[in-house]
Amino acid sequence: MNIDDEGFMREAYRIAIENGSDPSLSPIGCVIVRNGKVLAARRNKVAEHHDAVAHAEIEAIRAAGSSFQNGPLRYATLYTTLQPCGMCTMASIWSKVGRIVFGAGREDVHKMYFEARHVDTLDFVAQAYRDDLVIEGGILRDECAALYYRPWDNVALGDQGNL
């Protein structure tokens, strides 16, 4: 953890709850920072845009990359309130961010927020061809986890987006 991580995670948290904090709507916030400057700050817009890939991380990567030729985000840090799903992890790898920092991890939230039982997105980073990407979790873990259904919550099957 570096000195700015908590502040940027608080900003991601603030972005996450801009449109409310209903856990069924996955209030995820993402901030992308490079050299201390916020390049983009976006929240999950899946329900709002009726778009399954409008995750906070994807929205932020698109916004941040639009100002760079070919969109690479080398040396940038991506802050997100929840450990990125497989799609967002791969987008982070392909966009060339240098660091991913998340709040709540998959063990802190209900399984509905992840797409697979036995695939941990942390493994995607560990097994990527890039050796310049770092992933760190647990920044404001409890605050971020409170945004989502917890592992012990009884969420109706029809309300679980990954089924």
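This is a predicted model: local features need pLDDT of at least 70, side-chain atom pairs count only at pLDDT 80 or more; totals for chains, interfaces and linings use all residues.
Residues are numbered from 1 along each chain as its sequence is written, and side-chain values use heavy atoms, with hydrogens and water left out. The labels H and S stand for helices (DSSP runs of H or I, at least four residues) and strands (DSSP runs of E, at least two), numbered from the N terminus.

**The sheet**

- Five strands form an open sheet in the order S2-S1-S3-S4-S5, and their pairing is mixed; two strands pair if DSSP finds at least two bridges between them.
- S2 and strand S5 (134-137) are the edge strands, each with a single partner strand, so one side of each has no neighbour in the sheet.
- From one strand to the next, the twist averages 15° (axes are lines fitted to C-alpha atoms, for helices over the stretch in contact, and angles run from 0 to 180 degrees between N-to-C directions).
- Helix H1 (residues 5-16) packs on the sheet and touches S1, S2, S3, S4 and S5, and its direction makes about 55° with that of S3; contact here means heavy atoms within 4.5 Å.

**Strand by strand**

- S1 and S3 are joined by four bridges in the antiparallel sense, with Ile-32 opposite Leu-78 in S3.
- S3 and S4 pair in the parallel sense, over five bridges.
- On the way from S3 to S4 the chain passes through H4, giving a right-handed β-α-β crossover (right-handed if, with the strands pointing away from the viewer, the path from the first strand over the helix to the second runs clockwise).
- Strand S4 (residues 99-104) also pairs with S5, in the parallel sense and over four bridges.

**What is covered**

- Six of the six residues of S3 are buried, leaving this strand mostly covered; buried means under 20% relative accessible area, exposed over 50%, and partly exposed in between, using a 1.4 Å probe and protein chains only.
- Helix H3 (residues 56-65) is largely enclosed by the rest of the structure, because nine of its 10 residues are buried.
- Among the buried residues of H3 are Ala-56, Glu-57, Ile-58 and Gly-65.
- The cover over the buried residues of H3 includes strand S1 (29-34), strand S2 (37-43), helix H2 (46-49), strand S3 (77-82) and helix H4 (86-95).

**Salt bridges**

- The whole structure holds 12 salt bridges, each a side-chain nitrogen of Lys or Arg within 4 Å of a carboxyl oxygen of Asp or Glu.
- One of them joins Glu-143 and Arg-10, whose closest N and O atoms are 2.9 Å apart.
- That pair links distant parts of the chain, with Glu-143 in helix H6 (residues 141-145) and Arg-10 in helix H1, 133 residues apart.
- Glu-143 is partly exposed at 34% relative accessibility, and Arg-10 is partly exposed at 37%.
- Asp-132 and Arg-74 meet in another salt bridge, at 3.6 Å from N to O.
- Here Asp-132 sits in the loop between helix H5 (121-126) and S5, and Arg-74 in the loop between H3 and S3, 58 residues apart.
- Asp-132 has a relative accessible area of 38% and so is partly exposed, and Arg-74 is partly exposed at 35%.
- The side chains of Arg-141 and Glu-107 form a salt bridge too (3.1 Å, N to O).
- Because Arg-141 lies in helix H6 and Glu-107 in the loop between S4 and H5, the pair ties together parts that are 34 residues apart in sequence.
- Arg-141 counts as partly exposed at 32% relative accessibility, whereas Glu-107 counts as exposed at 52%.
- A network of salt bridges links Glu-11, Arg-14, Glu-18, Arg-43 and Glu-48.

**A loop residue**

- Gly-36 is found in the loop between S1 and S2, and its relative accessible area of 55% makes Gly-36 exposed.
- Gly-36 and Ala-76 are 40 residues apart in sequence, and their C-alpha atoms are 9.2 Å apart in space.
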